[in-house]
Amino acid sequence: MDQGGTRTVIYIAAAVATALIALVTLPAVLVADRDAAAADLTGEVNSDAIPAEFRDSVLKAGQRCKEISASVLAAQIDSESGWNLRATSPAGAQGISRFMPGTWNTWGKDYSGDGRVDVFDPHDSIGSQADLMCALARQVRDKIRLRVISGEPLELTLAAYNAGMGNVVAAKGVPPFPETTAYIRKILDASAKKYSLDAIGDVGGAVRLPLAPGRYTNQHNFGRSGSMWARHHTGNDFSAPCGTPVRAVTGGVAVADPSQAAWAGPHFVKILTGQRSTATWYAHMGRAAVTSGQRVQAGEVIGYVGSLGNSSGCHLHLEVHPKNGGYAQDEVDPNAWLRQKGLRP
């Protein structure tokens, strides 16, 4: 892996060498902890923020050990390669998880099952990334127990990955390198805010109307029956000219859901505030202004009114799901919900 991305080639090589020396007594293939599935330290993983082609590998890798969650691994990959499976750094780190050749020779394993150990195979690379990170986490745990180092285990593991375990031991904790402290904060921030669904938004905070006042006609059609809907109308329609900016009703994380394109259009967006808390849905938009995993604030433009999907004219279809349920499960009248928040839709 390309530990740090901006240090010199010499510093990278030294850090990797330090990490490898510290790991020579550990097996390259680690046995998964029995309680790993329930040990996502950053909360419920926001799997929608992980590119679909890598999702299963990341989720499986996140069950390898209880110390390293899928959301942490996703945040690392995002930082290292931006999900580019052909990534290569100037220092020579390769693949989606950015392994240096020497590190790959030790930790690379065939997780795709094709009989080859290929650093450019994302499944091999992601699985091997989890092995390396879990090994570092176990070393950190043992050193904390022996009082060789002190600090928060996940921060120390990320420090060992970025700067080498030797530097962590020398500092008796997180080494005071600006690059290392910045790396730790970057990964923890992304894993908590982008790749976790726990407490990603605050629905108790600001709430905004989805369209600017005076720019729409409220159809007040929640719950209506008709030929346009399989059961009943599960949201409320706000008629407005195509191209009118659509704003997030709450803060949270945006999730694009193309699986609902048949009725909602290809630019269907949900704003999530947590695994089992309020989600707002925005359908029929002509264009989205956010991408999956992007954190947004209430009132931020997330797209533009359109008439795509099962639609008969330019409008925004808004749904409110207080428990983040699925289609026709826990929806409530958006008008009543907005009025409860002190707004006049």
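How many residues does H5 have, and how far does H5 reach from its first C-alpha to its last? H5 has 24 residues and reaches 34 Å between those two atoms, close to the 34 Å expected at 1.5 Å a residue, where the expected span is 1.5 Å times one less than the number of residues in the helix. The model is predicted, so local features need pLDDT of at least 70 and side-chain atom pairs count only at pLDDT 80 or more, while totals for chains, interfaces and linings use all residues. Residues are numbered from 1 along each chain as its sequence is written, and side-chain values use heavy atoms, with hydrogens and water left out. Helices (H or I, at least four residues) and strands (E, at least two) are DSSP runs numbered from the N terminus.

**Helix H5**

- Of the 24 residues of H5, 17 are buried, so this helix is largely enclosed by the rest of the structure; buried means under 20% relative accessible area, exposed over 50%, and partly exposed in between, with a 1.4 Å probe and protein chains only.
- The N-terminal end of H5 is capped by Asp-121, a side-chain oxygen of which lies 2.9 Å from the backbone nitrogen of His-123.
- Just after H5, Arg-147 takes a positive phi of about 60°.

**Disulfides**

- The structure holds two disulfides, a disulfide being a pair of cysteine sulfur atoms within 2.5 Å, and when the bonded cysteines of the protein chain are numbered in sequence order the pairing is 1-2, 3-4.
- Cys-65 is joined to Cys-134 with an S to S distance of 2.1 Å, and this link is left-handed, with -90° about the S-S bond.
- That pair links distant parts of the chain, 69 residues apart, with Cys-65 in the loop between helix H2 (52-61) and helix H3 (70-81) and Cys-134 in helix H5 (residues 122-145); both Cys-65 and Cys-134 are buried.
- Cys-242 is joined to Cys-314 with an S to S distance of 1.9 Å, and the torsion about their S-S bond is about -95°, so this disulfide is left-handed.
- This pair also links distant parts of the chain, 72 residues apart, with Cys-242 in the loop between strand S2 (236-239) and strand S3 (245-247) and Cys-314 in the loop between strand S9 (301-304) and strand S10 (315-321).
- Cys-242 is partly exposed at a relative accessible area of 44%, and Cys-314 is partly exposed at 31%.

**Nonpolar cores**

- The largest nonpolar core has 44 residues, and those with the most contacts inside it are Val-58, Ile-68, Trp-83 and Leu-158; a nonpolar core is a set of buried Ala, Val, Leu, Ile, Met, Phe, Trp, Tyr and Cys residues joined through side-chain atoms within 4.5 Å.
- The elements that give two or more residues to this core are H2, H3, helix H4 (101-107), H5, helix H6 (153-163), helix H7 (165-171) and helix H8 (178-193), and the largest share, nine residues, comes from H5.
- Apart from this core lies another, of 23 residues, among them Ala-240, Val-249, Ile-271 and Tyr-282.
- Leu-158 touches Gln-76, Met-133, Tyr-183, Ile-184, Ile-187 and Leu-188, not counting residues up to four places away in sequence, where contact means heavy atoms within 4.5 Å.

**Strand pairing**

- S3 and S9 pair in the antiparallel sense over three bridges, and Val-246 stands opposite Gly-303 in S9; two strands pair if DSSP finds at least two bridges between them.
- Strand S7 (residues 287-288) is joined to S9 by two bridges, and these strands run antiparallel, with Arg-287 opposite Tyr-304 in S9.

Notes:
Polar contact = N/O pair within 3.5 Å; in protein donor to acceptor, adjacent residues only side chain to side chain.
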